[in-house]
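The report that follows describes selected features of one protein model, heading by heading. Please keep the sequence and the structure in view while reading.

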Amino acid sequence: MRDLIICCNWLKRWSNHGELLRIYCRPTLDLDLPLNASTDSNFTTLHAFCKAIAFQGVSDHSGLHKFSVNESETFWGALASQRLSWISPFNTVQNCNFSQGKIKWFEGGKLNVSVNCLDRHVHTCPERVALIWERDEPGTEVKFTYRELLELTCRLGNLLKRLGVRRGDCVTLYMPSCPLAVASMLACARIGAVHNVVFAGFSAEALADRIRDTQSSTVITVNQGVRGGKVIDLKRTVDQAVQNCPSVQQVLVAMRTENSVAMTDRDVPLEEEMMKEDVVCEPVTMDSEDVLFLLYTSGSTGKPKGLVHTQAGYLLYAAVTHRYVFSYQDGDVFGCMADIGWITGHSYGVYGPLCNGGTTVLFESTPVYPDPGRYWETVQRLGISQFYGAPTAIRLLLKYGDEWVQKYDRSCLKTLGSVGEPINREAWEWYHRVVGGGRCPVIDTWWQTETGGICIAPRPSDPDAEIIPGMAMRPFYGIKPALLDAKVVAEPSGAGWALCISMAWPGMARTIHNDHQRFIETYFQPYPGYFFTGDGAYCSKEGYYQIVGRLDDVINVSGHRLGTAELEDVVVCTIKCVYVFVVLKKGVEVQEDVLAQQLREMVSRNIAKYASPDYIQVVGRLPKTRSGKIMRRVLRKVVERKTDDLGDLSTLDDSEAVHEVIRVCNFHN
Ligand code: 6R9
């Protein structure tokens, strides 16, 4: 059914309180818009939306995409008024100016994010499961309904208020993915505080840097974390960190394990104090552009950037992308494997699914604990419908072979998502063929902490539209990418063009905490009039995007710029001139010179002779960030012998991996 059908007596129906207005715009978008006539002052926007769609004859994905960028205000205005619950409606849809780095959406609107994620679902479906906490120990998951999560959030909100946390204050969380962490995020949102989640694997110094930058007076943590069967003393790390953070007045400590920890005067036993609080906590009325959270991300130089996201635009964008990119339906179980310490955990572990009234999985473990079948055993046991993981994990698991996947029933899976890095062809094919049994679309989603939500992905689109392995494919509604390269060469080569976005969207970051100038310089000055992503990309003549990787991972070989993803697709890893690092599959033994010969031939054949590797180095593992991205800029410094200038390593997962690479490189050269 390609024609637009607007379910027709909508004009008659819209005034019925709570009535659903359905706009069927098959096969791409199926908007269920709950209309509330008494509060809907934006009816005119919606009216314009319907008229415009009908008038423009939108009948497929590309038509709707065009509409969303040409009529961006109408598009986002209608979605915002209908998909969020407002305390008072907004006056303007957007007010943005890239050259000033000014990004404002839905000004004048008032709402509370926790009400949008909890209360409104408690009214309609209190016993629906909101969270499934997939604890480290398989088979011990704990479920929380919307009613329970609201109660937990309210108790925590009241506790924070009792401890003196006020609207606008920043609370730092250093916790693993767990219901108390989600409730803490939502409790901040409820009382108007700002949360700053720091991945609970960062060092005491990295944590201290982030606490100091935010001037948090309150930190929330757990006594110990449990991951991959190992116990990690998180409270001890917090103790070390706060020694150098004079702003911190109190540390709330939840008990993840039964082991007691030393408590000081500053420490507050979280569960005990929380249970003294009421299960009702009045939500604070927030402006659309008040800050919701800060999240730090490292740059290749300088100190980490605290990106700022605000209330309405972020929430709307997370919810809409969650629903349409993954085709999330009521009753589905959404399995985002990312930790809440990353933007992926924020947008698709917490805010997107909860805003949509969905059921979301909080995964505490690792892909290989207690064995490499963990993900698929979890899929079977929890009935996960959408599995959202990272290429680094997929590459790791494929090394162990297909049996670990095939042991488990994956018939509940509908969609497989990928995020964080380019997914090379081998991993893509394995994910599709073995994990999804050839049945589930693989959705490679490109986005960043800065973008707040997914910007390029194969879906939504016509359900039978093609998906090309290794390509993120199509811009999301309201996203208008531009490929520019005014700087280095006129023609794209190797690394592709600089991927920019030419107009604002609701989910984008608003500034860098305490450094608006850096925000402007980093994102808006390199290409005036555009948001610069820092990534390189190609676009095919069909308009499909392929992300090549960070432009700072680009290498220049004999005057040719080479992108890392392209080489990696052939051999799976590279560095300057070209220096290839190879990690062998488990149990594989090969003679290194034979391997080197084969790899050189493969690259010459599949890319070009000039790209053929000069050095090939087998290593046990690669330096990666804690979210699994290979730190190529660090590899480059190692082979350039600049090991005393490795840049910001605060996101490095395991510094031993760098030392190992340094050792083998020195040994061989
Ligand atoms: C969501 C997230 C952002 C950087 C981004 C890019 C890389 C993310 C990707 C991808 C190729 C994809 N990236 N998704 N590269 N294909 N599907 O990862 O945010 O941690 O801020 O990293 O990750 O280089 O610029 P963040």
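## Two crossing helices

Axes are lines fitted to C-alpha atoms, for helices over the stretch in contact, and angles run from 0 to 180 degrees between N-to-C directions. Helices (H or I, at least four residues) and strands (E, at least two) are DSSP runs, numbered from the N terminus. In this predicted model, helix 4 (residues 72-83) packs against helix 11 (residues 312-325) at an angle of about 95°, their axes lying 11 Å apart. The two helices are therefore roughly perpendicular to each other, a label given to angles of 65 to 115 degrees, whereas those under 35 count as roughly parallel, those over 145 as roughly antiparallel and the rest as oblique.

Helix 4 brings Trp 76, Leu 79, Ala 80 and Arg 83 to the contact, and helix 11 brings Leu 316, Tyr 317, Val 320, Arg 323 and Tyr 324, contact meaning heavy atoms within 4.5 Å. Seven of these residues are nonpolar, none is polar and two are charged; Ala, Val, Leu, Ile, Met, Phe, Trp, Tyr, Cys and Pro count as nonpolar, Asp, Glu, Lys and Arg as charged, and the others, Gly among them, as polar.

## Buried positions

In helix 17 (residues 516-524), the buried residues are Arg 518, Phe 519, Ile 520, Tyr 523 and Phe 524, where buried means under 20% relative accessible area, exposed over 50% and partly exposed in between (1.4 Å probe, protein chains only). These residues pack against strand 5 (102-105), strand 18 (305-310), strand 28 (511-512) and strand 29 (531-539).

Ala 611, in the loop between helix 19 (592-606) and strand 34 (615-618), is buried as well, with a relative accessible area of 0%. Ala 611 and Cys 577, 34 residues apart in sequence, have their C-alpha atoms 8.3 Å apart in space.

Four strands form an open sheet in the order 26-27-29-30 with antiparallel pairing, two strands being paired if DSSP finds at least two bridges between them. Strand 26 (481-484) and strand 30 (545-550) stand at the edges with a single partner strand each, so one side of each is left without a neighbour in the sheet. Strand 26 is joined by four bridges to strand 27 (residues 497-501), and Ala 482 stands opposite Cys 500 in strand 27.

## Confidence and conventions

The mean pLDDT, the predictor's confidence in each residue from 0 to 100, is 87 for the protein, and 85% of its residues reach 70 or more.

Residues are numbered from 1 along each chain as its sequence is written, and side-chain values use heavy atoms, with hydrogens and water left out. Because this is a predicted model, local features need pLDDT of at least 70 and side-chain atom pairs count only at pLDDT 80 or more, while totals for chains, interfaces and linings use all residues.
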